[in-house]
Amino acid sequence: MLESIEITKKFIGKTAVDNISMKLEAGHIYALLGPNGSGKTTWMKMVTGLIKPTSGYVMYNGTPIGIPSRKDIAYMATEPYFYDWMTIEGVGKYYQDFFDDFSMDKYHMMLNRMELDRSTKTKTLSSGMMAKLKVAVTMAREAKVYLLDEPLNGIDLIARDDVMKTMIENAREDNMLIISSHLVEELESFVDSAIFIKDARLAGIFNIEELRQSEGLSLADKYREIFGHAGGEY
Amino acid sequence: MLNLLKYEFRKTLGVKAIILVLTAVLEIVFLIGLYGEFDAPLGIGAGLLFTTASVGVIVIGIYSIILLRNDLNTKQSYMLFMTPNNSYKILGAKVIECGLSIFIIGMFFTALGFLDLMLVSQKFGEIEEFFEVIKLMFSEIADFSASTLFSTALSVMTSWLFSVVTAFFAVVLSATFLNGKKFNGLISLVIFIAISLLVGYIFNKLPFDNDIYDMKMALITAGFYIIPTVLMYFVTAWIMDNKLSV
């Protein structure tokens, strides 16, 4: 279980995440939704331990996140972050060297399906190929928590299908996926819960099926309700 | 830790390859000049080899500082800081890699310089004359020998490693406490200079005859600089572990 407890991150002149508290459980695929600059990425980085919170903390299975939790938490950033000198195969070897839960066989299988050549240098990859590589290397880990920041950004429909298929295949009862994206319609087809972040604050967590049944709203409808011009204050 | 070291070596492979290729080319020029008895290539080769040797070790240190700066300030930082390694290991791998590189390359150039001088001596005179020439060149050296040369090189390399680790501290300060503040770079530079001067001042106050060509003094110098180097390492790693956001 992942618990965010009154977590806040302030940068000079800006509060990126403001007092967010929530509990997330294994066995779910969460959509993390909010406009640009709402604090999604900062929250994810705090869960990963890349950013230190100004106040509050994150607990993973009852323990504050730290070096040990990095063994169970897989993070995929929006931006390309591999070393320029690495090949696609080299990226896999790097993950194999540092993460015990990384499966080279699974990685190779995903590379083949995504038609990525192992000998290609990462610096020569197109944005679509880079997106596929990031998802492949992240999902080749048998992590307990996957944090995927904008995995569907800037890629064509076919690549998007590959990426979505890979994410769905890796969802299990003992892990959780937290996926941030602006492509609400695409996410709606496979996530079961949605976390809304507005102006750095938690605007609500909703079970998508319950939304449909109790409010008659789709995920996209709820998104418009919260973030549209008529969206209420939270 | 070994994996971290492996990748730190990999990151610096390019610059080391450039230094070694350049050295090989200059050595060939030097040897052609020496055995072909061409004065110009001999002089140019020897001069540039000496320059490469002096600059090479400095370049290795500066490149390590640039790498740390990139590892803290670019998206590639995720490659390091999302792995289950604490900052003591991450920084430790960088310090060890830099120290080993400075030591190996420094000793390599020292040995190459010694070898080249012997070749010159063999070509133009007797070995004994070679040592006489060296003694004349370094008139203040009471007892010149290979061990003096190597211990002197060791003391220079150790003090240079201290400077590099102090620069690591300044880079980490810049990325943590000073991040986003005005004159961030300038303040961290001033802190770097102040620490370097302070340690230099303390060293000069030690009750030893400050002669770096004396083997005993060279070893004392090396031993002295290890202490602030280790201290700077622990302080820097602590700051990274507790204050660094990438």
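I count two strands as paired if DSSP finds at least two bridges between them. Helices (H or I, at least four residues) and strands (E, at least two) are DSSP runs, numbered from the N terminus.

Ground rules. This is a predicted model, where local features need pLDDT of at least 70 and side-chain atom pairs count only at pLDDT 80 or more, while totals for chains, interfaces and linings use all residues. Residues are numbered from 1 along each chain as its sequence is written, and chains are lettered from A and ligands numbered from 1 in the order in which they are written.

Entry: the sheet. I looked up the strand order in chain A and found an open sheet of four strands, β2-β1-β4-β5, with antiparallel pairing. β2 (14-24) and β5 (63-64) of chain A are at the edges with a single partner strand each, so one side of each has no neighbour in the sheet. I then followed β4 (residues 55-60) of chain A, which pairs with β5(A) in the antiparallel sense over two bridges. There, Met59(A) sits opposite Pro64(A) of β5(A). Helix α1 (residues 40-48) of chain A packs on this sheet and touches β1 (2-11), β2 and β4 of chain A; two residues are in contact if their C-beta atoms, placed from the backbone, lie within 7 Å. The direction of α1 makes about 60° with that of β2(A).

Entry: a helix pair. I checked α4 (residues 127-139) and α5 (residues 157-169) of chain A, whose axes come within 10 Å and cross at roughly 10°. Axes are lines fitted to C-alpha atoms, for helices over the stretch in contact, with angles from 0 to 180 degrees between N-to-C directions. α4(A) and α5(A) are therefore roughly parallel (angles under 35 degrees). Among the residues making the contact are Ala131(A) and Val135(A) of α4(A) and Val163(A) of α5(A).

Entry: Most residues other than glycine have a negative phi. Which residue of strand β1 did I note here? Glu6(A) lies in that strand of chain A and has a positive phi of about 45°. With 12 C-beta neighbours inside 10 Å, Glu6(A) counts as exposed (12 or fewer other C-beta atoms, placed from the backbone, within 10 Å of its own). Glu115(A) has a positive phi of about 55°, and its place is in the loop between α3 (104-113) and α4 of chain A. Glu115(A) is exposed, with 11 other C-beta atoms within 10 Å.

Entry: the chains together. I found 15 residues of chain B in contact with 18 residues of chain A. Helix α4 (residues 77-81) of chain B gives the most to chain B's side, with three residues.

Conventions
Parallel < 35°, antiparallel > 145°, perpendicular 65-115°, else oblique. Buried ≥ 20, exposed ≤ 12 C-beta atoms within 10 Å, placed from the backbone.
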